Amino acid sequence: MDERMAKPLVIAGREIKSRLMMGTGKFSSPQVMAEALEASGAEIVTVALRRVEFGNPQDDIISQIDQQRYLLLPNTSGARDAQEAVRIARLARAASGWDWLKLEVTPEPNYLLPDPIETLKAAEILVKEGFVVLPYINADPVLAKRLQDAGCAAVMPLGSPIGSGRGIKTAEQIEIIVQQATVPVVVDAGLGLPSHVCQAFELGADAVLVNTAVAVAQDPVAMARSFRLAVESAAEAIAAGPMGQSGAASASSPLTGFLR
Amino acid sequence: MSGFYQIIESLEGSRPQNRIADCTTGQVKALLDHIRTGGQAGPEEMPRLVSPAASELLEPMAQLARAITARRFGKTIQMYAPLYISNHCTNSCLYCGFNIHNQIVRRTSGREEILAQARLLKGRHLGQLLLVSGECPSQVGVELLEGTASDLKGMFPSLAIEVYPLDQEGYARLVQAGIDSLTIYQETYDRKLYAHVHPAGPKADYRNRLGAPERGAAAGFRQVGIGALLGLTDWRTESIYLAHHAAYLSRQYWRSQVAVSFPRLRPAAGGYQPEFPVSDRELVQMICAFRLLFPDASLVLSTREPAQLRDNLVGLGITKMSAGSKTAPGGYLDEHGAEGQFDVFDGRSVEEVAGMIRARGCDPVWKDWDRGFEG
């Protein structure tokens, strides 16, 4: 039996109650966002530093997130290189005390794909400065290992481009990342349906991050709940010991019976 | 001078606009299905999407445009306001209120006046400001723009400019000073018409203007906005050239986001009458066509458009809107001073427009960048 999902998720020594992480962008209002977070059961929520006034507790988005209850994971989306990511992370920590960071270096504004070179450079600097760094990466197993070596607390490979809802198009690479991981693997980006979440866990992911699929649903709160249920369902299924797949029907008489 | 100029020459040879009339609804349907199922489509498909055949499929185009917009941008609309610095201009564009020959009250705001207006706009929550000026470097030089940027960058997370074309070095100075976005419309891609409507002044140089977005992107602007002034000629043909321009910039300057605006000509001093007026229905078709081909482009609609149309375009491809705009220098302080560039159609306040956006199920976004990224 796979005990993985039965144990709590631990990132950087902290036990995390939910394996579903939520993003806070793209919602129709801060209030809807808050209700969706509640319904999702998430403990870790990301906030784009570019969108918020991080020194201001009255900020529309930050003021809706109870930091006693949620662990705020600010992200550096929009940073075009390591220097920009490091700079904004330092400023945000100085202003708000946040030392967990979702590192995003996305110089390409269309697919918002991460720059592996700059991400590694930034991670090396930020880890040394005491940040808990969770880097957003393409599903590149060697990059994932390099980031683990640099001291990242988790790796966040993408399933498909941000906001695409295409599901996990990088399954084979994610399996390798999982197989070689020494830190939690969080599948991030492209998860458009609860079934994609189930697939991520079936591939061996430790957690998932969802944003657009919930934010742009007709009923974001109901969709957040359904993602929570998908995470719970996947965890229970994995703990229950799945039957596994077989390519062909098994022969009713054993083929090696003659050996007895 | 301009890499895209070579593409213009080749398009002029191949005349893709000739394909517009032959498009059938079957071809348009096939393209919509392709896009709906996640297929990619490039600017060479623009003739199909702007064709009369596609106008019969405007509703499915709009449905698809809305879904694509939501996926990429969510239920949000970016808010900005223009701040006109000067209506002095050395050009004689036939359609523009700032035309050198128009007998209008001219004015250039000094840094103090700019700052006073900026404070007022900041008080209305706006975080994205577009600095606009006529082409008169002796009144509004790079130094004034640099100085203005340094005055304002502490107040506004994002500063954009819409001024006359500069060389790459000039743009680089402005990027360094804290301006992150550039808007510059070619007005028309038709070279003959361009020469006709821009008979004199530095703007008569088609190639120099065409190369400006490239120079800006090379200089490091995060966003580069382009557009054609709608009403000067056939909007369908302009859409094709504009689409090729957007695709060229995206490919060559992959770090800059492309923005596309859809300015329809408005009444202005000089009394120019558009020869090819674009109807609301045609404008919506054009916006949807751009969204279908450019899922990630910022699509911008200004207060040139009537309130009712703007309201209905929230989330339907459009992702960025101005509000409470004044188009004259000093206009936020003194309504009856200098002449505006054109008559604003949607005269509602910023708060009224934000309220409308919320009522339509979208969140107005005031801040989408942070000075903390920069050195």
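Colleague: Which residues does Leu129(B) touch, not counting residues up to four places away in sequence?

Modeller: Please keep in mind that this is a predicted model. Leu129(B) is in contact with Tyr80(B), Ala81(B), Leu83(B), Ala118(B), Leu121(B), Leu152(B), Phe156(B) and Leu159(B), when residues up to four places away in sequence are left out.

Colleague: Which residues touch the most other members of the largest nonpolar core?

Modeller: They are Leu83(B), Leu129(B), Leu131(B), Ala246(B) and Val260(B), in a core of 114 residues. Helix α12 of chain B, residues 235-252, contributes the most to this core, namely 9 residues. Apart from this core lies another, of 87 residues, which includes Leu37(A), Ala79(A), Trp98(A) and Ile137(A).

Colleague: Why is α12(B) described as largely enclosed by the rest of the structure?

Modeller: The general idea concerns helices first: an α-helix has 3.6 residues a turn, so residues three or four places apart point the same way. In this case, 16 of the 18 residues of α12(B) are buried, and therefore the helix is largely enclosed by the rest of the structure. From its first C-alpha to its last, α12(B) reaches 25 Å, close to the 26 Å expected at 1.5 Å a residue.

Colleague: What ipTM does the predictor give the complex?

Modeller: The ipTM is 0.76, and the pTM is 0.87. Chain B has an average pLDDT of 93, with 99% of the residues scoring at least 70.

Note on methods:
Residues are numbered from 1 along each chain as its sequence is written. Chains are lettered from A and ligands numbered from 1 in the order in which they are written. This is a predicted model: local features need pLDDT of at least 70, side-chain atom pairs count only at pLDDT 80 or more; totals for chains, interfaces and linings use all residues. A nonpolar core is a set of buried Ala, Val, Leu, Ile, Met, Phe, Trp, Tyr and Cys residues joined through C-beta atoms within 7 Å. A residue is buried if 20 or more other C-beta atoms lie within 10 Å of its own, exposed if 12 or fewer, and partly exposed in between; C-beta atoms are placed from the backbone. Helices (H or I, at least four residues) and strands (E, at least two) are DSSP runs, numbered from the N terminus. Two residues are in contact if their C-beta atoms, placed from the backbone, lie within 7 Å. The expected span of a helix is 1.5 Å times one less than its number of residues. pLDDT is the predictor's confidence in each residue, from 0 to 100.
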